[in-house]
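Subject: Structure for you to look at

Hello,

Here is the structure I said I would pass on. Please open it first; my notes follow below.

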Amino acid sequence: MKTRVTALLCALFLILSACAAGGDADLAALAPADAERLTIYTSHKEAVYGPIVKEFEERTGIWVEVVTGGTGELLERIASEAASPRCDVMFGGGVESLLSYGSLFESYTGAGAGLLKPGLRQEADLWTPFSSLPVVLIYNTRLVSPGEVTGWADLLNETWKGKIAFADPAVSGSSYTAAITMLTALEGDDWELLEWFIENLDGQVLSDSGDVVTAVASGNCYVGVTLEETALKRQAQGDNIAIVYPVEGTSDLPDGTALIAGAPHRDNARAFLEFVQSEDVQSLVVSDFFRRSVRVDVADREDLPAADELALLDYDVAWASAVKEEFLRRWAMLNGEGVS
Amino acid sequence: MKQSSYRRRLLLDFLLVGILPLVVCLSLIFVVFRSTILRSAETSARSQLAGMTACLGETVETCDTVLARLGQDPLVVGALRESAARDTQVYSALYAAAAPLERGADISLYDADGHILYTTGGGRAGEDLASNWGLLALAREREGLVCRRVSPYDTVSRGVMQLARPVSEGGTTVGYAVAELSEEQVGALFAGMYDDGSEIVLLDGFWDEVYTSPGLRDSDLAVWLRTQLLSGGSLNDETGDAEYYVEREDLSGFALALRQPKPLADWVMRLFYIIAGVSILVSLLLCLRVAVGFSRRIFEPVSSLNRAMAQVEGGDLDVRLSVPGTDEISQLSGRFNRMTERLKENLNESVRQQQELGDAQIRMMQAQLNPHFLYNTLDTLKWLGKINRVEEVSTISADLADILRRSISAQEFVALREELALLERYVEIQKIRFPGKFEYVTDVAGDALEVPVPKLMLQPLVENAIIHGFEDGSHGVVRVTARRQGGQVVVTVQDNGVGMAPESVARFEARQGPEEGGGHFGLYNVDAILRLHYGQDHGLVLVPAEKGTCIRAILPVKEGDGK
């Protein structure tokens, strides 16, 4: 009796399971082969990577899978996947960040390497520069008259105490670059300068680099430190801010694109590296992204000061990486005292 | 306890019989219903999708034809080469070429630098395209038809998809012919080709969204589809509320996805489950009710029978069961009633027999009163008779003493030989009392001598014959015969006297007991004793005789006796 019932139930179950809906078979047929794929980790915003990735797909027929995230987060992920990499290309990230994860990358010298602006190309070609990003000062045009702010020294001036928009360098890579640029530009003992600067911030530290322009444009702060790209973009959106290129000089660290060592789709990754430093993409960097090109044969926007007018400082990336821990420790300590 | 376990088993069986077929039927119905619906939904979705893909392919082909024709028109080539200003002749050629599209797409002509020169769309001067990026760059590179979605970052174009062909002259690209479809035009293309509840997504060659039907705007469905495609995931799972079907259009490389709501909506399933649940519940209750009723019909009579038997076991024979019908249980109850009745009758009978036996024993004991005194007296009489030479007194005393001794012995049965010896003594006395009145003859077979018979069974019969048979003073013969006949011994006492009065015979045969003051007590006593010892069938029989009385007793010889 019992076995008969069991048999009946089994038969019922078989009938039930035979009725599962189909349709997935077509999907597998449409999926691209592994050789037609590329996986990119990017810290760029979609407005930047979107058009480039799309154009790359259309031109090469390679399907690109994009994973987005913060620079540090993605580099950590690549490091954790180092044994069997999923990612082919790290697209984005400042050179300081890329340098500290240099062992994850495979060097690649693109066809256009010779046309890269001097100083932007990595010696070992561990990454390809994508765009150059000068650090600038901004001020609110309604609160500050032209000429009142001219350089880094003004940030130590008591006049602007508590009115400076500056992002936390522990969180924002560009903010750390800005701080190191300032220490490099100004004469004197670096740690004393840092102490003064923090005193002048008067405990006001923004948690995100995007907040700097907002704080200045809204009048919460009078002056701010940010990247040229960000400032130009917000200017184009109508924010009442002006850009100052510091008289003491500034840095124009590029962000880069790196080929991951052991990338599963190495050839496609190389094709992508070639593509991002191609003339077409570099033109787009200038025309659509408010950035500066890394190629000598692609002209920057005419309304911007030329690179050689920026009094570019000799920014020591290796040193910046080396002192980062010490810097952040002092930053946290001084800020902690400043707040309390 | 046994009863309740039967009840439970009965209930379980009823549930099995009542619920299982129902559940099986419901499941089968559900399976058939579901597979039919799903199959028909899938068929209709696939045919709709195929129709729309074909329609898209047709449109792309028509656009291609139109663009190709424009590229070969010398008028158009010339106008593009020179980046000529608006020329009505070129426009007329453009409209004529675009006619097959029936305004399903806008056709534009761009020069080599991407400047727009002519368009069938709205006045869009200055809506130029990049020539080194995107559509035109790709068209130049491919030297053929290019089909692309319009990038969401493209602030210039108004459409959602563009098709382009380079226009060449002598190997150099002089311009581009472009067809552009706006959201409305794409929507019109597929209008009415899919069900109301369904939605469609048009994907480009890399599965980025080109167009979605109005119900899916801002849904990110295209992103999900692409993720599933690249991760090798599934579009249709059990939990989702929709089924997805995808088909690729080969000319454009675009893919069309149809999103069809699950044909078995939640409420249908809920309704089905409710109906199934209710019918199972009803059937459950019915089973319970029937099982309880059934067990009551069977087990209540059984348990009352059980109770009645327990009462009988305790000695109460007056218990009776009601017999409500003619079914098996009622028959059983009737049989039980009859059985107890019979049992009670038997008990009464055996009590009565015990009483009778007791009475006879009492009578016999009374007859044994003070035997030693009587012995001694009789012994004295015997010796007195001898001393005084009165032989009769001496003989009578000796006989009487012997009779007395034998009759008071504790044995109930004696050998027939001994009974005959006692009878001899008795006859000797009676012969002295009634000299010459009768003759006594015995005729006993040798093999009957040792058969045990109840003590003193012959003496009352012989006495009856002597006293009643010859009471008129006549002379006669008393004959005692005994014969073995198989397992029985037949003892007959016969006289040739006056015989018994007919009423006495009738009375005896009816076993009505001796009449008051009438006599024949001995006869009745022997009859009673024989019946007590051997059973009702072994009493005395009055054998009809020509003269006198003939009394016969047929006694079974007990096993091991009578050697």
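This is a predicted model: local features need pLDDT of at least 70, side-chain atom pairs count only at pLDDT 80 or more; totals for chains, interfaces and linings use all residues.

A residue is called buried here when its relative accessible area is under 20%, and exposed when that area is over 50%, with partly exposed in between. On that scale B:C550, with a relative accessible area of 5%, is buried. A:C87 counts as buried too, because its relative accessibility is 1%.

The interface

Chain A contributes 35 residues to the contact and chain B contributes 38 residues. Between them the two chains bury about 3400 Å², and 63% of that is on carbon and sulfur atoms. On the chain A side, the most area is lost to chain B by A:L27, A:E58 and A:W63, which together account for 20% of what that side buries.

Five salt bridges cross between chain A and chain B. Nine residue pairs, both members at pLDDT 80 or more, are in polar contact across the interface. Several elements of chain A each supply at least two residues to the side that touches chain B: α1 (2-17), α2 (24-30), α3 (46-60), β2 (63-68) and α11 (279-289). The most comes from α3(A), with nine residues. Sorted by class, that side of chain A has 21 nonpolar, three polar and 11 charged residues.

Two of the salt bridges are worth a look on screen. In one, the side chains of B:R148 and A:E55 meet, with 2.9 Å from N to O. In another, B:D208 pairs with A:K54, and their closest N and O atoms are 2.7 Å apart. The second pair joins two chains, because B:D208 lies in the loop between β6 and β7 of chain B and A:K54 lies in helix α3 of chain A. B:D208 counts as buried at 18% relative accessibility, and A:K54 counts as buried at 7%.

Helix α3 of chain A also holds A:G50. This glycine is buried, with a relative accessible area of 16%. Its C-alpha atom is separated by 9.3 Å from that of A:V66, which is 16 residues away along the chain.

Other salt bridges

How many salt bridges does a search of the whole structure find over all chains? The search finds 42. Within chain A, A:R77 forms one with A:E81, the closest N and O atoms being 3.5 Å apart. A:R77 is partly exposed, with a relative accessible area of 31%, whereas A:E81 counts as buried at 16% relative accessibility.

Within chain B, B:D402 and B:R425 form a salt bridge whose closest N and O atoms are 2.6 Å apart. That pair links distant parts of the chain, since B:D402 is in helix α10 (residues 391-408) and B:R425 is in helix α11 (residues 416-433), 23 residues apart. B:D402 is buried, with a relative accessible area of 7%, while B:R425 is partly exposed at 30%. Both belong to a network of salt bridges that links B:D399, B:D402, B:R405, B:R406, B:E418 and B:R425.

Chain B

Chain B has 14 helices and 16 strands. Of its 563 residues, 42% count as buried. Among its contacts between residues at least 6 apart in sequence, 61% join residues at least 24 apart.

Most residues other than glycine have a negative phi. B:E102 has a positive value, with phi near 50°, and B:W207 also has a positive value, with phi near 60°. B:E102 sits in the loop between α3 (88-98) and β1 (106-111) of chain B. B:W207 sits in the loop between β6 (199-203) and β7 (209-212) of chain B. Are these two residues buried or exposed? B:E102 counts as exposed, because its relative accessibility is 69%. B:W207 is buried, with a relative accessible area of 3%.

B:S213 counts as buried, at 0% relative accessibility. Leaving out residues up to four places away in sequence, B:S213 touches B:Y194, B:E199 and B:I200.

Regards

Terms used
Residues are numbered from 1 along each chain as its sequence is written. Chains are lettered from A and ligands numbered from 1 in the order in which they are written. Side-chain values use heavy atoms; hydrogens and water are left out. Contact means heavy atoms within 4.5 Å. Buried area is the accessible area (1.4 Å probe) that two parts lose on being put together, summed over both. A salt bridge is a side-chain nitrogen of Lys or Arg within 4 Å of a carboxyl oxygen of Asp or Glu. A polar contact is a pair of N or O atoms within 3.5 Å; within protein, one must be able to donate a hydrogen and the other to accept it, and residues adjacent in sequence count only if both atoms are side-chain atoms. Helices (H or I, at least four residues) and strands (E, at least two) are DSSP runs, numbered from the N terminus. Ala, Val, Leu, Ile, Met, Phe, Trp, Tyr, Cys and Pro count as nonpolar, Asp, Glu, Lys and Arg as charged, and the others, Gly among them, as polar. Buried means under 20% relative accessible area, exposed over 50%, partly exposed in between (1.4 Å probe, protein chains only).
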